[in-house]
Amino acid sequence: VGIDTEWGDAFRPSVIQLAVPNLAWVIDASKRSEILLEFTRWLLLNKQLLLLGFAFHHDVQHLSSMLGAELLTCIASAGDRHCDGCRHIRIADLQKFAAEPRRAGRKIRQMPGLRAVAETWLGKTIDKAEQCSDWDSRPLSPAQLSYAAADAAILLDLARAMGLESA
């Protein structure tokens, strides 16, 4: 499941994007509801799902502000050590994966952005024009909705291209 968030002025997410093969959802997170909170908790803590993120540490900070920091005390991802007594999110952070020297073909001085990784791994140029748009305003524009859905969906393509089995 590809997962991403967009946020505006508030530290909590304005939008949560999810993608599975052939489907993407853009969820309005601007108004918290018990259903949204329960669904998001279930999604993040479901041991049967492998979530695909990109620079996911940013997203988890915003999700923590929405759900409560006690829920998201650490992230367990490929290569990271597990800590005792905390809940883990099964996440493959594709930015970290792409930055590994053996995959990148060279030592990385700074973490690559999604645009660069998509160009390298997929030969695709992605449009990031809506990235800094006003995610707090409603209704979202068709361009914002399209951008948000594509941002989550491309994670599935990247995982497949990188040879991650669960993608």
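This is a predicted model: local features need pLDDT of at least 70, side-chain atom pairs count only at pLDDT 80 or more; totals for chains, interfaces and linings use all residues.
**View 1. Helix α1 packs against helix α2.** Helix α1 covers residues 34-45 and helix α2 covers residues 56-67. Their axes lie 11 Å apart and meet at an angle of about 140°. Angles over 145 degrees would count as roughly antiparallel and those from 65 to 115 as roughly perpendicular, and α1 and α2 are therefore oblique to each other. The crossing of these two helices is left-handed. On the α1 side, the contact is made by L36, L37, T40, R41 and L44. On the α2 side, F56, L63, M66 and L67 take part. Of the residues in this contact, seven are nonpolar, one is polar and one is charged.

**View 2. Strands β2 and β3 form an antiparallel hairpin.** Strand β2 spans residues 15-20, and strand β3 spans residues 23-28. Six bridges join the two strands. One of the paired positions is V20, whose bridge partner in β3 is L23. Two residues lie between the strands of the hairpin. Here N22 takes a positive phi near 70°.

**View 3. W135 and Y147 form an aromatic pair.** The structure holds two aromatic pairs, and this view shows the one made by W135 and Y147. The ring centres are 6.0 Å apart and the planes of W135 and Y147 stand at 40°, so the pair is tilted. W135 sits in the loop between α5 (114-122) and α6 (142-161), whereas Y147 belongs to helix α6. The two residues are 12 residues apart, and the pair links distant parts of the chain.

Key:
Residues are numbered from 1 along each chain as its sequence is written. Side-chain values use heavy atoms; hydrogens and water are left out. Axes are lines fitted to C-alpha atoms, for helices over the stretch in contact, and angles run from 0 to 180 degrees between N-to-C directions. Helices (H or I, at least four residues) and strands (E, at least two) are DSSP runs, numbered from the N terminus. Angles under 35 degrees count as roughly parallel, over 145 as roughly antiparallel, 65 to 115 as roughly perpendicular and the rest as oblique. A crossing is left-handed if the near helix is turned anticlockwise from the far one by less than a right angle, and right-handed if clockwise. Contact means heavy atoms within 4.5 Å. Ala, Val, Leu, Ile, Met, Phe, Trp, Tyr, Cys and Pro count as nonpolar, Asp, Glu, Lys and Arg as charged, and the others, Gly among them, as polar. Two strands pair if DSSP finds at least two bridges between them. Rings of Phe, Tyr and Trp (its six-membered ring) pair if their centres lie within 6.5 Å; planes under 30 degrees apart count as stacked, over 60 as edge-to-face and the rest as tilted.
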